[in-house]
Amino acid sequence: MKKIVPFFMVILLSGCWDVEELTEVGIVAAMAIDMDEQSGEYQLTSEFLRPSAESTFVSSQDEPFLTVSVTGRSMSELLRKTNHKIDRKGFYAHNKVVIVSEEVAREGLLPIFETFQREQVVRSYVWLGVTKGTSASSVLEKQKNSISKVPADFLSGLFDNAEYEAVSFNLLKFYKQSLRQGQNPVLGVITFEQTEQSAEPDVHLSGGAAFKKDKLIGFMNNDETSAYNWITAIHRNSEEGALTFPYKEDKFITLNLVTIKPSIKPEVTNQTDISFTVEIKQQLEVAERQELQKTETRKELAQVTEELEKTAEKEVKEKVEQVITKAQEEFQADIFGFGAALRNKYPKVWNSVKDSWSEEFANVPYEIKVEIEILNTGLLDGSLHPNE
Amino acid sequence: MLNRANFCSVFCIYSIFLQIIQLCMSTRDGVEKMRRHWKIRKSNQSQQPKQTNHTVKTVLEDNRSTLKSIFKNSVDIQFRDLQLKDKKNTHAFICYTEGIVREEFIHDNVLEPLLGIDLLEEKINDHSLVSYMDSNIIKASSVDKTSNLDHVIENILRGQTAIFIDGFDSALLISTESYESRGVEEPDTESTVRGSREGFNEVITTNTSLIRRKINNPHLIFEEFIIGGNTKTPVRIGYIDGIAKQETVDELRKRLESIETDVVLESGYLEQYIEDHPNSIFQTIGNSEKPDKVAAKLLEGRVAILCDGTPFVLTVPYLFIESMQVPEDYYTKFQFTSLIRFFRMIALFLTVATPAVFVAAATFHHEMVPALLLTTMAAAEERVPFPILLEALIMTVIFELLREAGVRMPRPIGSAVSIVGALVIGEAAVQAGLVGAPMVIVVALTAITGFVVTAINSAVILVRFFLMLLAGTFGFYGLLLGTLFIVAHLSSLRSFGIPYLTPFAPVVLKEWRDTFVRLPLKNLQSKPRSVLRKKY
């Protein structure tokens, strides 16, 4: 008895304080943060799942999700206000994406994400995206191209499938890079694109939104984003994609990316003269050749391959130059991590320049070395060609 | 969202748990404690009737009246008077219990020669009559001359026939036992696909012979004990001298001798008197109905305890790992056996923890469930009015009821229970809105995996409820504490001096060859000595 009584006291008197039955929680799958133009307050739109619509027993006419919007000044205020408006308590651990509008991003993101980290409301691997030219909440509506029933699944699918022309950036990386010295984050950009075929616009994840610390300073197009990914290669999507460029008489050739190995090498001469060498090593394979040229011998094939490598190197080098120029001149933000590389190799030099790194970065000289190797040509040596 | 007060309360709980665990760990010197326990039990005076020392008297009528007064004319005790053809026409009578003797045998081998012989011709003097009868007249394999009347009575009740002769102060006991018994049939409890189909029956001599036939070794020794004041049940221990550890045999003898009870009807009685930890839910004595299994255990150095009246033979020492081993493991290929062993281990964990994990994940740790599964789980719970812990309890209790009903009920109505059972633990329960669909799967999984580890079913059921309650009140934290508690308790157990969790705790790496995997038979040789003979 002496052992049993305290045991049951422990269970019956102290247990269950944080019990939450499944029927009490409202699972939030996506969040969108906008800025109310008149009042300047934040507007949070949360996408709750409606489990009964997913029931395997009773088929339901309801949409499997519903969205709730509230306005307020701070994130935790918004989260609480959301609970006032819906009959379930918000549960954010299964949140998949957080979308912020351009205006919110320009104001700075760390103030609103601070509570996520403090209270561990949202997991650190939610995808982060910035909308361009549209409100964030509009992305949470059901999209025309969505196979998933829930828009949150659609959005996280876009991030999962992204190639190097877009950016898949999660909350944890955003914290890391925005708080780190010598590097600035780049988030994925979600845009609506109107096509001529249909009345409804398509949602796109492409391009990048460059940040200076936690504030948005500008957008990059697809080519620039590709080059950004080649230089940094820190995202899961950086190693996926293909390079298409013209080759001989308006015919195109496509090379698939197999591996990529970039490195940024800082060099300091005379104590203060900082320069960088950006080295990019890519391994590619031939995915498509439109020119239908007959390749007779192995020797010819080697020549063709060499020629292709040279052309591809030129293509890549041009794009990389373009994006570094843009970062230096337009953004004045070190999105590639030049500063971080310098800090690792020359900490003393870094300490002397770190306070004015943005200005230093804008004028820093650099050299680009691209090395491309074509690993194989698929199952065809030359290409398909009709016999005369 | 954790705040400081909650952390404090959690810490308090943790420290209390540690204390409980420590209390349990303090029973580590199990043997000593158990000995004390027996002493207490020994003081319980048994209720058996007092026996006065009767002896066989010279006057025939005295013996007869003593027996009649003791048996109080019980109808199944038969007396038959005889008159021998000798000088004095000596009177005699025989006494036996009907039903447990072979009457034709008595007629052919006792009465006929006794009455047919002309003792005058044989020139037997009066004094040597009894010994002459013993050696020349009675045709039976065992004839015993005794003057102790109590001994005579005991053996009459066992099926022997006693002959009393006027003028002699001793009686002859002739073994004429014969009684109805079940044949050697296939046991229901431990069915195998491959292997011997023999099973023990209720007769101890048959059981001994079944073991003896498997092990043709002169060092296989059986010793007999008579236990139980009223039942006088024959109990035999069997061991192979030289393989079994002498300390174990001595300890077992001592424990059996110290039993003071009136009734032993089944080996389970013995088990509860001699086990190391009567208060633990885990059994530290094994049992089996299969001679091949018991023979294997004897050859490994264990000691068997056979009890008359039951086909269940006990084996000691019993280690936890034995509940994961079956005879078939050694009859089939080792690769397959190793896989099956692995599945059995998984089954053990699943059957103990599945409902608890489900309850914990669904009430406390939604973030640990994949989002899609959580949605379907929530959808299933949408129309259920009860908390998940209650649901789990309802379903597991219903399952235990069905299982118990299936065991107890008469065979012909078995199908009725399975039909009702399928309705209760099935879609009907879900559609009635009593439980969610995932809970049905959880209970089904628990049940199926439970049938894989039937050897420790009783402990598993108790642990399952214990962990379920903890998981429902503290979540995974409680589940972890509960598991810790169980493991601590298990490692504190001993069976006849050997730690229960051997070879895992203490680690005997060499013996792992027959635990998670079974190595080929040639690597299992010299098996018995190390674990069972080692001193801990």
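**Exercise 1. How many helices and how many strands does the secondary structure of chain B come to?**

Solution. The model is predicted. Step one: count the helices of chain B, which come to 22. Step two: count its strands, which come to 12.

**Exercise 2. Which domains does the assignment give for chain B?**

Solution. Take the bounds in order. Domain 1 of chain B covers 60–175, domain 2 covers 204–318 and domain 3 covers 333–492. Now take the centres over C-alpha atoms: domain 1 of chain B and domain 2 of chain B are separated by 35 Å.

**Exercise 3. What percentage of the residues in chain B is buried?**

Solution. Buried means under 20% relative accessible area. Chain B has 536 residues, and 50% of them are buried. Next, turn to the surface. The accessible surface of chain B is about 26,200 Å², with 58% belonging to carbon and sulfur atoms.

**Exercise 4. Which residues touch the most other members of the largest nonpolar core?**

Solution. Start with the general idea. Nonpolar side chains tend to be buried together in soluble globular proteins. Here the largest nonpolar core holds 86 residues. A:Met31, A:Ile33, A:Phe113, A:Trp230, A:Phe336 and A:Phe338 touch the most other members. Helix H9 of chain A (residues 298–331) supplies the largest share, 9 residues. Domain 1 (25–220) and domain 2 (233–388) of chain A each give this core at least three residues.

**Exercise 5. What is A:Trp230 in contact with, leaving aside its neighbours within four places in sequence?**

Solution. The contacts of A:Trp230 then include A:Tyr164, A:Leu243, A:Pro262, A:Gln282 and A:Lys319.

Terms used: Residues are numbered from 1 along each chain as its sequence is written. Chains are lettered from A and ligands numbered from 1 in the order in which they are written. This is a predicted model: local features need pLDDT of at least 70, side-chain atom pairs count only at pLDDT 80 or more; totals for chains, interfaces and linings use all residues. Side-chain values use heavy atoms; hydrogens and water are left out. Domain bounds come from an automatic or database domain assignment. Helices (H or I, at least four residues) and strands (E, at least two) are DSSP runs, numbered from the N terminus. Buried means under 20% relative accessible area, exposed over 50%, partly exposed in between (1.4 Å probe, protein chains only). Accessible areas come from the Shrake-Rupley method with a 1.4 Å probe; for residues, only the protein chains shown count as cover. A nonpolar core is a set of buried Ala, Val, Leu, Ile, Met, Phe, Trp, Tyr and Cys residues joined through side-chain atoms within 4.5 Å. Contact means heavy atoms within 4.5 Å.
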